[in-house]
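Me: Hi! I have a new protein on my screen and I'd like to walk through it with you. Could we begin with one spot and then look wider?

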Amino acid sequence: MRLGICITGSFCSMDDLLYVLNDLKDEYDIEIFMSDHVNTMDTRFNDAQVLKEKIYNIIPCPIHTTINESEIYGPNCLLNAVLVYPCSSNTLAKLSLGINDNAVTMLVKSNLRNAIPIIIGIYSNDVLSLSGTHLLTLYNRKNYYIVPIFQDNYQHKPNSVIACKEKVKETIQKALDHQQIQPFLLGYKEK
């Protein structure tokens with residue numbers, strides 16, 4: 001099974017991404033796609049080059065960062081599923097509105113034409129407010145599947161949710177059968 005993993009700019013969640021990559025590496029032939037921001041921005045959480053080296057140490061393949069590199073995956077039917085993890089609220093909005101302006105959004109668009117499952121692992125401080133409409137739009141759209149989410153800090157960030165990294169593998173398996181894993185709302189994360 002060939003899986004495209006798209007990495008977007010929820011910068012605080014890159015340790016969870018590395019967990020997911022380790023969890024999936026033995027079961028899938030993985031291709032990595034990365035948004036411009038993750039590819040180039042050094043943040044308080046990660047240096048961009050160091051992050052790419054950590055990813056490469058787990059999945060030793062080229063990291064695709066351009067629209068041209070992503071576009072060919074749809075017409076040539078090169079993937080069985082696409083996982084966007086972490087999916088930032090910015091990417092969530094772009095997918096909901098059909099905006100295609102980077103390697104990640106192009107990969108999703110080019111694979112939707114083949115009814116390939118698109119699995120979304122959301123990490124965002126505002127999904128229970130401004131970005132909520134985009135989550136619900138994709139939840140109700142054909143071929144999109146949501147990794148179960150929970151509030152990560154309901155006392156200090158009541159609108160914030162994160163995907164449950166331990167549920168990614170099961171979500172992918174269900175999505176390959178065109179089923180949404182349930183429940184997808186998990187409550188809140190115990191500290």
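Me: Where is Pro183 in the chain?
Reply: Pro183 is in the loop between helix H8 and strand E9 (185-188). Keep in mind that this is a predicted model.

Me: Okay. What kind of peptide bond joins Gln182 and Pro183?
Reply: That one is a cis peptide bond, with omega about -10 degrees. There is also a cis bond from Tyr85 to Pro86, where omega is near -5 degrees. Pro86 is found in strand E4.

Me: What else is in the loop between H8 and E9?
Reply: His178 lies there. Its phi is near 55 degrees, a positive value in a residue other than glycine.

Me: And is His178 buried, partly exposed or exposed?
Reply: His178 counts as partly exposed, because its relative accessibility is 42%, and that falls between the cut-offs of 20% and 50%.

Me: What about Asn143, what is its phi?
Reply: Asn143 has a positive phi of about 75 degrees, although it is not a glycine. You'll find Asn143 in the loop between helix H7 (132-139) and strand E6 (144-146). Asn143 counts as buried, because its relative accessibility is 9%.

Me: Let's zoom out. How many helices and strands are there?
Reply: The chain has eight helices and nine strands. Its C-alpha trace spans about 45 × 35 × 30 Å along the principal axes.

Me: How does the radius of gyration compare with that of a compact globule?
Reply: They agree: a compact globule of 191 residues would have a radius of gyration near 16 Å, and this chain has 15 Å. Also, 80% of the contacts with a separation of 6 or more are between residues 24 or more positions apart.

Me: How much of the chain is buried?
Reply: Of the 191 residues, 51% count as buried. The chain exposes about 8,900 Å², and carbon and sulfur atoms supply 49% of that area.

Me: Which residues touch the most other members of the largest nonpolar core?
Reply: Those are Ile5, Leu24, Ile32, Ile55 and Leu83, in a core of 34 residues. Several elements each supply at least two of the core residues, including strand E1 (2-7), helix H3 (48-58) and strand E4 (81-87). The largest share, six residues, comes from H1.

Me: Why would nonpolar side chains end up together?
Reply: In soluble globular proteins, nonpolar side chains tend to be buried together.

Me: What does Leu24 touch, leaving aside neighbours within four places in sequence?
Reply: Leu24 is in contact with Leu3, Ile5, Ile30, Leu83, Val168, Lys169 and Ile172. There is a second, separate core too, with 24 residues that include Phe33, Leu95, Ile122 and Ile149.

Me: New topic: is Ser70 buried or exposed?
Reply: Ser70 is buried, because its relative accessible area is 0%. Ser70 lies in helix H4 (residues 67-71). Apart from neighbours within four places in sequence, Ser70 is in contact with Phe33, Ala103, Met106, Leu107 and Ser110.

Me: And Arg113, buried or exposed?
Reply: Arg113 counts as exposed, because its relative accessibility is 58%. Arg113 is in the loop between helix H6 (103-112) and E5. Not counting residues up to four places away in sequence, Arg113 touches Gly74 and Pro75.

Me: Last one: how many positive and negative side chains are there?
Reply: There are 17 positive and 20 negative side chains, and the centres of the two sets lie 4 Å apart.

Technical notes
Residues are numbered from 1 along each chain as its sequence is written. This is a predicted model: local features need pLDDT of at least 70, side-chain atom pairs count only at pLDDT 80 or more; totals for chains, interfaces and linings use all residues. Side-chain values use heavy atoms; hydrogens and water are left out. Helices (H or I, at least four residues) and strands (E, at least two) are DSSP runs, numbered from the N terminus. The radius of gyration is taken over C-alpha atoms; the globule rule is 2.2 Å times the number of residues to the power 0.38. Buried means under 20% relative accessible area, exposed over 50%, partly exposed in between (1.4 Å probe, protein chains only). Contact means heavy atoms within 4.5 Å. Accessible areas come from the Shrake-Rupley method with a 1.4 Å probe; for residues, only the protein chains shown count as cover. Lys and Arg count as positive and Asp and Glu as negative; His and the chain ends are not counted. The place of a charge is taken as NZ of Lys, CZ of Arg, CG of Asp or CD of Glu. A nonpolar core is a set of buried Ala, Val, Leu, Ile, Met, Phe, Trp, Tyr and Cys residues joined through side-chain atoms within 4.5 Å.
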